[in-house]
Amino acid sequence: MLQSILSVLVISVIGAVLAMLLELADRFIADYGECNILINEEKELKVQGGSPLLFSLQDEGIFIPSACGGKGTCAYCKVKVLEGGGPVLPTETPYLSAEELEENIRLSCQVKVRNDLAIEIPEELFSIKEFRVEVKSIADLNPYIKGIILDILTPDEGIIYKPGQYIQLEIPKYKLYSEPEFRAFSMASTPDKKKEIELYVGLVEKGIVSTYIHEYLRERDELVMRGPFGDFCYRKSERDILMIATGTGLAPIMSILRHMRSEKIQRKSMLFFGTWTEEDLLCVEELKNLERELPGFSFVPTLSRVPADSPWKGERGRVTSLIEQKIPEGAGLDVYICGNPDMVDSCLKILKTKGIPENQIYFDKFS
Amino acid sequence: MGPINPMTLFFAAIFTNNILLTNFLGLCPFLSMSRYKKSALGMGAAVVFVMASTTALNNLVYYKVLVPLGLEHFRFIVFIVVIAAFVQLVEMTVERFFSPLYYVLGIFLPLITVNCAIFGASLFMVIRKYDFVQSLAYGAGSGIGWMLAIIVISAIREKLEKTAKLPRGLEGPAITLIITGLLSLAFLAFSGMIRVQ
């Protein structure tokens, strides 16, 4: 008896002493004081040193894109570190090309703030903010996709984005998952409404976030989101436009189309929208109205799993076969593709054989 | 047989009883960090330092704390905790005060906190009843032996990468294990020259 009590006691004491030592070390040795971060040679931040650059910037309201949460695996959080970053770490080298190394590009989650830094980040990252939003409405767009409309509560000025970009929506912990979790969703709404955005959320089997939104989210619930992110967005040019979407990939395309409507952009455009059956189609009415409102726009839905005897009069088959049939070789088009990665890849392959230059093809893979 | 001379033990741990090539301990960082000589050198240096200091430190903890209290059976837990805390402390200190050294060696420190070679050295120290000076010599020797092995392998791997055309299935860890096996056979020739216990 005495033996076991003594054992527990001694082990606890050893553990406690070591833990205290580490705590003291953390307080006194790892104290780097206040450091200055100079951004783009104009903006200066004062931060407490000792944590990774990514998090120091986040605390100051500058959100560098990151999908892995600072573990050094997604390589989205690249920034240019001009001074004070120290040598490139072995944890970064696998993600940096020779040119990037030359230009002092680093992974901001691996660069620790130990002294004054000078960094360069793209201007548009300043517009990435954290928003508090309230669910205004939830609607069934089809049996497995919900359209949710969010009102932005704070900050007051709302969100500024380009049609086609996405935000990261965070959901709180709930019955099926013990931590807050975030996922990316593209806006379907247009940027002229700064205080209200619309997202399409498809139900993913065992998806943490999509299950929450489909089954637990209620109107007037409050959520947090960050954004806008992404370089998939509407580009100005004189060329005709081809848009290809499947499933929830319609969201950024809707944003672009609605933007074209409100800005009265007269470019000739065509949308190939592929689903399995007729009941899977979404926004049909609005898209048909758009055909009237936007001169030169045509909406071509195609169904890949309709029975041969159904009354469906439209196209049948996948979007890829539509490209084969309808797009002539060497057509001077801007192409926007959005949907599941396999579909995007096969479209890219076909467009290549049609001789459409890569720099006129924009895509966003929804995985 | 009397107690082994620490100097003999030091060399024995490097050559005849190389912890990697005869005991096959510490293979995980060995496989992952042996691609380039530069990182192999940093990793090796970190192992030498940590192994020498933790083996000696654990010797003190074992004979001054655990044995008098009759708690030898807890050595596994205590050794691991001591190693982890020590490595963390060293990492923080190096990062703060010796930052050039940190970039060479410090970043490897967290990788070897729970390395079986480090822990193995502490356990061998107990099984073979080494005293403090012997433990220090054994720890340092084992670390240097480990470093020697990883540097040799990384040099071979760098050379292979430039010259040899390997079948795809043999690239990376596969060929490394084969080379290690051959190297280990070569080191077997030394075995029996010195007895370490």
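A residue counts as buried if 20 or more other C-beta atoms lie within 10 Å of its own, as exposed if 12 or fewer do, and as partly exposed in between, with C-beta atoms placed from the backbone. With that in hand, strand S14 (residues 297-303) of chain A is mostly covered, as 5 of its 7 residues are buried.

A word on the model and its labels. This is a predicted model, in which local features need pLDDT of at least 70 and side-chain atom pairs count only at pLDDT 80 or more, while totals for chains, interfaces and linings use all residues. Residues are numbered from 1 along each chain as its sequence is written, and chains are lettered from A and ligands numbered from 1 in the order in which they are written.

Let's look at chain A as a whole. Of its 367 residues, 33% count as buried. Its secondary structure comes to 8 helices and 17 strands; helices (H or I, at least four residues) and strands (E, at least two) are DSSP runs, numbered from the N terminus.

Two strands pair if DSSP finds at least two bridges between them.

| Strand paired with S14(A) | Sense | Bridges | Residues standing opposite |
|---|---|---|---|
| S13(A), residues 269-275 | parallel | 7 bridges | Phe273(A) and Pro301(A) |
| S15(A), residues 315-316 | parallel | 2 bridges | Thr302(A) and Glu315(A) |

From S13(A) the chain passes through helix H6 (residues 284-293) of chain A to reach S14(A), and this β-α-β crossover is right-handed. That term says that, with the strands pointing away from the viewer, the path from the first strand over the helix to the second runs clockwise.

Now for the nonpolar cores. Such a core is a set of buried Ala, Val, Leu, Ile, Met, Phe, Trp, Tyr and Cys residues joined through C-beta atoms within 7 Å. The largest has 81 residues, and Leu199(A), Leu250(A) and Ile253(A) touch the most other members. Helix H5 (residues 250-262) of chain A gives the most to this core, with 7 residues. A second, separate core of 56 residues includes Val87(B), Ile118(B), Phe119(B) and Tyr130(B).

Finally, where do the chains meet? In all, 15 residues of chain B are in contact with 16 residues of chain A, contact being C-beta atoms, placed from the backbone, within 7 Å. On the side of chain B that touches chain A, helix H3 (37-69) and helix H4 (75-97) of chain B each supply at least two residues. H4(B) gives the most to that side, with 9 residues.

Terms used:
Two residues are in contact if their C-beta atoms, placed from the backbone, lie within 7 Å.
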